[in-house]
Every structure is written in structure tokens, then in C-alpha cells.
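Please walk through this model from its overall division down to single residues. The sequence and the coordinates come first.

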Amino acid sequence: MQSSDVVIIGGGVAGLIAGIELVKNAKSVTILEKEPIVGGQCKTEVLKVGDDEFRFDYGGHRFITNNQKLLDFVEDILDDDLLSAQRSSVILHQGRVYQYPLNLKNLLRVAPLKLLLGATIDTLKIVFKMTKKDDTNFKTWISSRFGTSLYDNFFAPYTQKLWGVKPELLSSDWAGQRISLMDLKDVLKKLFARGEKTARTYARSYRYPKYGFGQLPLRMAKKFEELGGKIYTDEEVDSFDIADNKIEMIYTKNHTFQAKQIISTMPLNEMSQKLGFNSELKFRSLRFLCLGLDIENFSPHTWQYVSDYNLLPTRIQEPKRRSPFMSPASKSSIMLEIPCNKDDEIWKMNDEKLLEIVKKDLNKLNFNIEENIIDYFSFTTEHAYTMMDIDYNKRRDKTIKFLDRFENLTMAGRQGTFRYIFLDTAMETGLMAAELILGKNVSKEQIYNHRNEKIVIETKNIGE
Ligand SMILES: Cc1cc2nc3c(=O)[nH]c(=O)nc-3n(C[C@H](O)[C@H](O)[C@H](O)COP(=O)(O)OP(=O)(O)OC[C@H]3O[C@@H](n4cnc5c(N)ncnc54)[C@H](O)[C@@H]3O)c2cc1C
């Protein structure tokens with residue numbers, strides 16, 4: 001049996017930053033990671049073709065934060081390997097290319113007349129307050145702020161494809177925090193303000209490691225071990241022994257661990273299940289199809305959102321737009337994000353069949369790269385997105401209430417707290433969990449609701 005002050009379940013960025021903070025403060029810490037390497041959703045996979053390496057994150061990542069301490073930490077860990085990049089995103093919709101976030105000038109230039117007429121009527125209704133903001137669900141949130149024309153054309157098909165359910169069954173929380181758009185009134189203000197500051201800003205520049213985001217957890221793991229922490233990989237936490245409202249023992253298939261305090265960053269639903277409570281919380285999964293290409297550039301854009309419902313991918317990204325070191329010189333690559341559920345048809349489809357479908361989709365989008373594909377592969381992530389259906393928050397609250405009875409357990413991270421948060425916020429929750437254990441003035445409630453504001457989170461980056 002291995003004993004330490006703290007056991008951290010999960011070697012993603014949240015678990016690793018918690019581990020570093022604790023070992024720095026003289027705690028003995030063990031990280032248990034079920035995969036062969038650390039990093040979780042922040043890993044980078046490599047496609048090797050001869051001497052060439054094409055690198056792909058678990059969905060193109062970028063680092064944006066307004067927390068100077070966190071930025072200093074990441075800059076210190078990655079040193080000269082932390083680059084800056086500019087984001088350029090577009091929406092591909094019914095054969096037309098729109099700028100993202102949507103803006104009025106571009107809509108006027110690109111959109112068909114019918115859509116423009118509908119959007120104009122919607123704008124007048126919103127400006128003259130004939131439409132009231134309605135946060136009942138995703139559909140009402142969007143249509144009461146952007147009108148039904150933009151909702152029907154852009155938001156509804158994309159959202160249904162991404163989540164696999166009708167948008168009216170989704171909570172408005174996702175829209176409130178994740179739609180990187182201003183409402184129509186802000187769009188108008190921006191158009192006529194000529195340089196004046198509008199209500200919200202949108203971060204275009206971001207930080208990115210030279211060889212992909214997987215560099216970050218690997219460097220963090222090195223630092224953690226140098227400071228005396230222990231990492232066990234291939235160690236899936238399986239079950240627990242409980243006594244006096246405390247977790248006494250942690251079991252993996254081959255080993256037993258004991259600790260005074262436990263931080264869990266494994267998915268909240270799985271953690272609660274192992275402790276005897278069925279949370280009924282679900283995740284949406286993703287499959288990433290990655291193609292190495294013998295062309296220098298695929299497009300000038302970082303992200304291309306594919307809103308058409310009948311096309312499989314939701315986004316196409318070109319890793320080279322984040323860092324030129326993501327593909328060999330004079331070559332490029334693309335990654336297609338395809339939403340699915342674990343064990344459904346898309347999840348189980350073989351790579352050849354998936355590529356055939358995607359090639360047809362790319363042709364429909366006017367990307368004729370069939371002859372340029374050098375090689376390809378795919379990988380999946382089961383817990384890509386917390387399923388934010390209408391009642392998810394009630395079920396999340398019940399689950400957290402159940403887990404709160406275990407005095408020496410704190411949850412942290414994206415899956416661990418069941419939140420749709422980016423890596424900066426996931427890291428902050430890991431740090432807060434460490435601070436709680438170190439006796440600082442932090443509560444579990446603060447960790448579980450950290451940065452829960454109903455505002456667009458992607459605001460200006462202090463790293464710009
Ligand atoms: C498609 C996509 C795009 C994204 N883009 C961005 C972006 O652009 N910018 C950004 O900032 N963030 C982005 N994110 C979010 C970011 O990846 C996460 O917020 C962050 O990586 C979460 O870290 P974590 O440590 O909380 O969780 P994870 O990385 O999930 O770590 C949890 C770890 O626990 C391990 N584990 C699970 N169960 C067990 C068990 N039973 N026993 C032991 N170990 C276990 C897992 O293997 C995993 O390593 C994106 C995420 C996705 C899915």
C-alpha cells in the first residue's frame with residue numbers, strides 16, 4: 001500500500017497544477033492517471049509519416065486568460081516555446097463564407113437577400129424592444145437576442161449537430177457563456193461607433209505552445225516529479241473504502257493507495273457512481289479525423305465552423321495556423337471534429353469509411369484535397385463536452401451535495417466539476433483545490449462555481 005498526504009485522481013492540467021502547488025508546500029502527493037501518459041484532454045497526438053511529424057491537439061486549443069499569476073506560471077513552464085497567434089474564424093454555411101463572430105458589415109456583403117430581410121426585421125424588433133430576452137432554453141436565448149432568422153440559419157443546425165439533441169432541450173447556460181458574439185444591439189453599436197469601445201471585446205490573439213498543447217502537461221509532470229511528486233500512469237481508480245464519511249482507501253486494479261485528502265478530476269458522474277450515487281449526468285463525445293497534406297497551406301483560417309446539418313464535421317482546423325511547427329515545412333494538415341456518442345455508429349466506424357464520407361463533405365465545401373492526402377488517422381475523446389440539457393444543473397447540484405458528505409474529497413477540473421470550462425479555468429480550480437487543502441481561504445462551493453458568470457468568457461486576453 002502506498003501512503004501520501006494527498007492523492008490526485010487524474011493527470012490532466014487541473015490535477016497537475018494542484019500537485020505542483022501541494023508539493024511546493026511540503027505535502028507528499030501521488031497522481032493516479034488511467035492513461036499511459038498524462039495530459040487528459042490537453043494532449044497532442046502525432047501522425048508519423050517517414051521522418052515527417054504532423055501534430056494534432058484534442059481539438060485545436062488556445063490559451064486565453066485574464067489571470068496574470070496563471071499566465072506567469074504557463075510562461076515559466078513553457079519558456080521560449082510559448083508562442084503568440086492570431087485567431088481567424090469563419091462559418092461555412094450553404095456554400096457561403098461568413099466571418100465569425102458574425103458582424104453586420106460581413107452579413108450585408110455575404111448573406112442572401114431573404115436572410116438579410118429576416119435579420120433586418122428581427123433587429124428592428126429587438127431595438128424597439130418588441131422582443132424580450134428569454135433564457136428558458138438555448139433556442140429562446142438565441143432567438144430573443146439574435147432573432148429567428150439568424151437562429152434558424154446558423155445556430156439551430158450547428159447546435160443540433162454538435163449536441164445531438166434539439167436546441168430547445170439544451171440549457172441556455174451554454175449560450176450565455178460560450179457564444180462569442182455580442183447581441184444584435186451590440187453589433188449595431190459596433191458598426192456605427194467607429195473605433196469607440198463596445199460593450200464586450202472578443203479575444204483574437206492567444207498563446208500557443210510551439211509543438212502543441214500537449215507540451216504543457218508533459219512539462220508540468222516533469223516539474224511535479226522534480227519537486228518530489230509521484231505519478232502512476234496506467235492506474236485507473238476503480239473503487240474506494242469509506243469510513244466515518246471519509247475516503248479511507250483508493251483501489252486501482254493492481255495497487256492500493258491511502259491519503260488524508262483526495263482531489264478528483266475524473267468525470268463527476270463516474271466518481272459519484274463509484275461512491276454509490278447515479279448522477280444521470282452525461283457527456284457528448286468527439287471523434288477527430290486528422291489528415292496530413294502535401295500542400296503548404298489549406299486556408300488562412302484557424303477555425304472553420306461547418307454549420308450545415310447534413311455535413312458530418314462541426315469544425316475544421318489547420319494546426320499550422322496555431323504554430324508553424326505543427327506540421328513539416330512546406331506541408332500542412334487538417335483536423336475535422338465530428339460529434340458523436342460513445343459506441344454509436346460514428347464512434348465505431350472504421351477510419352477508411354469515415355474518410356470516404358468526410359471527403360465527400362469536403363468536396364461539397366469546395367475543398368478538393370483528395371489528391372493531397374499523405375496519410376490519416378483518428379482518435380476519440382469520450383468526455384468532450386458536459387451535456388448541458390435543461391435540467392443538468394439540478395442533477396449536478398444533487399451529485400455535488402451527495403459527494404460533499406465525503407469530508408476529505410474535493411473535485412476540480414473540467415470533468416471533475418462537470419463544467420464546460422477552458423483549460424485556464426480548469427487549472428484555476430485545481431489550484432484552488434490545493435489551496436483549500438493548504439488551509440487557505442477557499443471553499444468547495446467556490447471551486448465548483450468558479451467563473452460561473454453568465455457572460456461571454458472569451459474576453460480580452462492579458463497575454464496579448
Ligand atoms: C474539443 C475541445 C477543444 C478545447 N479547446 C480548448 C481551447 O481552445 N482552449 C482551452 O483553454 N481549453 C480548451 N478545451 C478544454 C481543455 O482541454 C480542458 O479544460 C482541460 O484540458 C481540462 O483539464 P482537466 O485536468 O480538468 O481534465 P482532463 O484533461 O480530462 O483530465 C482528467 C484526467 O483524469 C483521468 N482519469 C479519468 N478517470 C480516471 C480514473 N478512474 N482513474 C485515474 N485517472 C482517471 C483522465 O484520463 C484525464 O487524464 C477544449 C476541450 C475540448 C474537448
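The paragraphs below go from the domains to the ligand, then to a pair of helices and some individual residues.

This is a predicted model, in which local features need pLDDT of at least 70 and side-chain atom pairs count only at pLDDT 80 or more, while totals for chains, interfaces and linings use all residues. Residues are numbered from 1 along each chain as its sequence is written.

The chain is divided into domain 1 (2-42 + 63-81 + 208-279 + 389-448) and domain 2 (105-193); these bounds come from an automatic or database domain assignment. The C-alpha centres of the two domains, domain 1 and domain 2, are 37 Å apart. Five residues from domain 1 and seven residues from domain 2 take part in the contact between them, where two residues are in contact if their C-beta atoms, placed from the backbone, lie within 7 Å. On the side of domain 1 that touches domain 2, three residues are nonpolar, one is polar and one is charged. In this classification Ala, Val, Leu, Ile, Met, Phe, Trp, Tyr, Cys and Pro count as nonpolar, Asp, Glu, Lys and Arg as charged, and the others, Gly among them, as polar.

The ligand is surrounded by 35 residues, of which G10, G12, G40, G59 and G413 are the closest. A residue belongs to these surroundings if its C-beta atom, placed from the backbone, lies within 6 Å of the molecule. Sorted by class, the shell around the ligand holds 15 nonpolar, 13 polar and seven charged residues. At least two residues of this shell come from each of α1 (13-24), β17 (373-386) and α13 (423-437). Helices (H or I, at least four residues) and strands (E, at least two) are DSSP runs, numbered from the N terminus.

Next comes a pair of helices. Two packed helices are described by the angle between their axes and the distance between the axes. For helix α2 (residues 68-78) and helix α8 (residues 215-226), the axes come within 9 Å and cross at roughly 85°. The axes are lines fitted to C-alpha atoms, for helices over the stretch in contact, and angles run from 0 to 180 degrees between N-to-C directions. V74, I77 and L78 of α2 meet Q215, L216, R219, M220 and K223 of α8. By class, this contact of α2 with α8 has five nonpolar, one polar and two charged residues.

Which residues have a positive phi although they are not glycines? One is D343, with a phi of about 75°, found in the loop between β16 (332-340) and α10 (345-348). D343 is exposed, because 10 other C-beta atoms lie within 10 Å; the cut-offs are 20 or more for buried, 12 or fewer for exposed and partly exposed in between, with C-beta atoms placed from the backbone. Another is N366, with a phi of about 70°, in the loop between α11 (351-364) and β17. N366 has 9 other C-beta atoms within 10 Å, so N366 is exposed as well.

Is K43 buried or exposed? K43 is found in the loop between β2 (29-32) and β3 (44-49), and is buried because 22 other C-beta atoms lie within 10 Å. Not counting residues up to four places away in sequence, K43 touches I37, Y58 and G214.

L336 lies in strand β16. L336 counts as buried because of its 25 C-beta neighbours inside 10 Å. Residues up to four places away in sequence aside, L336 touches L289, P313, I316 and V358.

W303 lies in strand β14 (residues 303-306) and has 18 C-beta neighbours inside 10 Å, so W303 counts as partly exposed. Along the chain W303 and S88 are 215 residues apart, yet their C-alpha atoms are separated by 6.7 Å. Leaving aside neighbours within four places in sequence, W303 is in contact with G60, S89, R315 and Q317.

Finally, Q94 is found in the loop between β6 (89-93) and β7 (96-100). Q94 is exposed because 10 other C-beta atoms lie within 10 Å. Q94 and N153 are 59 residues apart in sequence and 9.3 Å apart in space, C-alpha to C-alpha.
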